[in-house]
Amino acid sequence: MELQFSEVTKSFGDLNVIRQFDTTIRNGEIVALVGPSGCGKSTLLHMLAGLQQPSSGGLTADGASVAMPSPERTLVFQEHALYPWMTLLDNVALALEFQDKPRKTSLAEARKWLSRVRLVGFEDYYPHQVSGGMRQRCALARAFIARPKVLLLDEPFGALDALTRMTLQSVLKDLIEEERPTVVLVTHDVDEALYLADRVMVFSQRPATVLREVELGHIPKTHDLSAFADVRREVLNLLGIDTDEHIPTDSQGETA
Amino acid sequence: MSNTQSTGVASKRAYVAAIAIILFFWQVAAWFLPDFLMPDVPVALQRLWEELNSGDFYEGLGNSMSRLGIGYGAALFFGIVLGLVGGTLDMVRSTLKAAIIILQSIPSIAWVPLFLILMGFGNMPIIVVVAIGAFFPTALSVMNATESVEKVHISAARVMGASKMQMLRRVYFPAVTPELITGAQLAFGNAWRALISAEMIVGFSAGLGKSLAYSGEIADMTGVMTNILVIAILAAVIDQVILERIKHRLLRYQYL
């Protein structure tokens, strides 16, 4: 599904979050939006989901204006988006039940998807009984079960520890390869963006403007990102992270 | 699990101790006062036993319980509906809440003369007064809980394509259940007080309140104390056994 922003502006009262934003996301492309907190990248994502409307400008999906949420464009939240009163199985099945699929087929599908994210044996657990990583696996299953054309990810692994995050990134990458939705990923994590995306857009502080776009192309990648060291350094520098090594001399070390 | 069990035992012990202390003070009063003013505890228990073996007692009990059931049931139903609807409509919420707070401050028994004349001598005015007592705390707790349903839970349902009805049934209702139960227990206390006092005033056909008022009129203090005993035991059983059971059942996920 092709997503197109044309001159999109979004303000909350006096706060101008996005100004005159233009871009096209091609069908099947995996785009990562990277930028400082509060720069408006989540707002872009929520507009794509149809949860928020642009103040001005147009936003289309395959040429049709995006006016409200649709299961075609599903969103994975950072955390706490699973329903605590439902088991993992019911949480996943709910995505189909909301589309008026019969409960029996929904549950059968949900079982299949839970096994695809390696949660066999945890079907009847409640979200608070499992780890954060397992909750996000379940959230991925809930997103993919509806076979969305567009998958929107809002810092999906932001609350997880580094190791769990990398495992989940691999799970997500495999699912994307198999299902091939168009993906828009919002993240703070430059490595996550480089590992998952075909294109990385680096944003400035509010109002969000694109500082740099990096085309990586759709190539096989592993967590060893050494081949992308230059891009990584450049992106980090744009985000205000100093990558020049500071090796303190002996005298500095003593005074410090 | 072990935790809830041990607190359950502790609270049972606390109840036994409390009952012993209350009966002790009653008995002390009975020692100092003449029998026709304050009967001994065993005398009242003896009377209670006789009552339990008489048909009249059950007629009154049945009448009172059906008035309670209808009034309290209707209050729960309308309270939940109004609470959910009011809580989701931003426009009317604060006005509605203010109205409830004002009406709630009127003791439900104060409505008796109005409904007695409006509806005539019979069951109806008692039932309505019971319902009024229980309705406000239910509606208020549901409305407050509806307001504070987590945004991400609503957004998640929207991106999964939930209809308004599905949203109400699958998201709002289970999300407000914990507070609804607290409200319903508060409402039960109100309903119970309203029932007994309305029966005492209206005095239509047999009932727990009427029986108590009648004992007072003929200065049968053993009867008065026996009736008070029945009213206290029933309230404790309904609240602590029946409502607590329902609570544990509905909120099963929280106790795992």
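Biologist: Let's start with chain B. What makes up chain B, helices or strands?

Modeller: Chain B has 10 helices and 0 strands. Read along the sequence, the pattern is α-α-α-α-α-α-α-α-α-α. The C-alpha trace spans about 70 × 55 × 30 Å along its principal axes.

Biologist: How many of the residues of chain B count as buried, and what makes a residue buried?

Modeller: Of its 256 residues, 32% count as buried. The test is that 20 or more other C-beta atoms lie within 10 Å of the residue's own. In H7 of chain B, B:His153, B:Ala156, B:Ala157, B:Arg158 and B:Val159 are buried, so each of these reaches that count.

Biologist: What do those buried residues of H7(B) pack against?

Modeller: They pack against helix H1 (41-49) and strand E6 (73-76) of chain A, together with H8 of chain B. After H7(B) comes B:Gly161, whose phi is positive, near 85°.

Biologist: Now the place where the chains touch. How many residues does each chain bring to the contact?

Modeller: Chain B brings 16 residues and chain A brings 20 residues. On the side of chain B, helix H7 (151-159) and helix H8 (164-202) are the elements that give two or more residues. H7(B) gives the most, with 7 residues.

Biologist: What classes of residue are found on that side of chain B?

Modeller: There are 9 nonpolar, 4 polar and 3 charged residues on the side of chain B that touches chain A.

Biologist: Which residues of chain B are annotated as a transmembrane region?

Modeller: The unreviewed UniProt entry gives that annotation to residues 14-33, 70-89, 110-136 and 224-243 of chain B. In the model, residues 14-33 are 95% helix and 0% strand, with end C-alpha atoms 29 Å apart. Residues 110-136 are 81% helix and 0% strand, and their end C-alpha atoms are 15 Å apart.

Biologist: And which feature does UniProt place on chain A?

Modeller: An unreviewed entry places "domain: ABC transporter" at residues 3-230 of chain A. That span is 32% helix and 26% strand.

Biologist: Where in chain A is confidence lowest, and where is it highest?

Modeller: Confidence is lowest in helix H8 (residues 250-255) of chain A, at a mean of 48, and highest in helix H2 (residues 88-97) of chain A, at 95. The mean pLDDT of chain A is 87, and 95% of its residues reach 70 or more.

Biologist: What should I make of residues 252-256 of chain A?

Modeller: pLDDT stays under 50 there, and the model has 2 contacts beyond four places in sequence for those residues. Where pLDDT is low, the predicted coordinates should not be read in detail.

Definitions and conventions:
Residues numbered from 1 in each chain as written. Chains lettered and ligands numbered in written order. Predicted model: local features only at pLDDT ≥ 70, side-chain atom pairs only at ≥ 80, totals over all residues. Contact = placed C-beta atoms within 7 Å. Helix = DSSP H or I, 4+ residues; strand = E, 2+ residues; numbered from the N terminus. Nonpolar A, V, L, I, M, F, W, Y, C, P; charged D, E, K, R; others polar. Buried ≥ 20, exposed ≤ 12 C-beta atoms within 10 Å, placed from the backbone. pLDDT = per-residue confidence, 0-100. UniProt positions renumbered as here; feature names shortened; annotations may be inferred.
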